[in-house]
Amino acid sequence: MRLKNVLQQPLLGLAAALCMAFSGLAQSAANPALVEHARIRWLPGDLPLAGYFDLTNTGRQPLTFMGASSGAFGGVMMHRTIHKGGETEMMAVHDLTVRPGQTLHFSPDGYHLMLMARNRTLATGDEVPIHLIFSGGRSMDVMFAVGGANMQ
Ligand SMILES: [Cu+2]
């Protein structure tokens, strides 16, 4: 069974925090993201690794994913793989907005997290925490499972 991760509450001012404490509705409204199938494709040596996941907006407002960071890597970027005239290239992506009810599939043929400069040895079966950042000061920590080089 796969772990499901829900969005952490945003950083809040005191007034908003008090409001949250008395309102279950506000609290559920603060958790509009569901992340599933979080995985990293392992490659040898110091090669950058790619991270994939499925991101569902469970809220009623558009959800904007701003990128990620991880203590396990020197840098994390968001990329999109595109095919152009028989060539495959990657372009940097600044942010992605997910419509209410929409699931965005990060995959080898599309969006991915580019995980650079790993600062420890990783092997298939390891789990790596990655901090996913959303607009509005919201974020969530997700465990990514390291899979084999042929993983999709
Ligand atoms: Cu890339």
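**Note on the predicted model with a copper site**

1. Helices (H or I, at least four residues) and strands (E, at least two) are DSSP runs, numbered from the N terminus. The protein chain averages a pLDDT of 85, and 80% of the residues score at least 70.

2. This is a predicted model, in which local features need pLDDT of at least 70 and side-chain atom pairs count only at pLDDT 80 or more, while totals for chains, interfaces and linings use all residues. Residues are numbered from 1 along each chain as its sequence is written, and side-chain values use heavy atoms, with hydrogens and water left out.

3. His-79 (ND1), Met-90 (SD), His-112 (NE2) and Met-114 (SD) coordinate the copper ion at 2.1 to 2.2 Å. Donors are N, O and S atoms within 2.8 Å of the metal (3.2 Å for Na, K and Ca); water is not among the atoms, so sites may look incomplete. The site is tetrahedral, with angles of 93 to 118 degrees among the four donor atoms; for four donors this term requires all angles to lie between 85 and 135 degrees.

4. The donor residues are spaced H-x10-M-x21-H-x1-M in sequence. His-79 lies in strand β5 (residues 73-84) and Met-90 in strand β6 (residues 87-92), so the pair ties together parts eleven residues apart in sequence. His-79 is buried, at 10% relative accessible area, whereas Met-90 is partly exposed, at 47%. Buried means under 20% relative accessible area, exposed over 50%, and partly exposed in between (1.4 Å probe, protein chains only).

5. Strand β10 (residues 127-134) pairs with β11 in the antiparallel sense over seven bridges; strands pair if DSSP finds at least two bridges between them. Within this pairing, Ile-130 has Val-142 in β11 as its bridge partner. Strand β2 (residues 33-41) pairs with β11 (residues 139-147) in the parallel sense over three bridges.

6. Phe-65 and Phe-106 form an edge-to-face aromatic pair, 5.9 Å centre to centre with 90 degrees between the planes. Rings of Phe, Tyr and Trp (its six-membered ring) pair if their centres lie within 6.5 Å; planes under 30 degrees apart count as stacked, over 60 as edge-to-face and the rest as tilted. Both Phe-65 and Phe-106 are buried.

Conventions: pLDDT = per-residue confidence, 0-100. Tetrahedral: all angles 85-135°; square planar, octahedral: opposite > 155°, others 65-115°.
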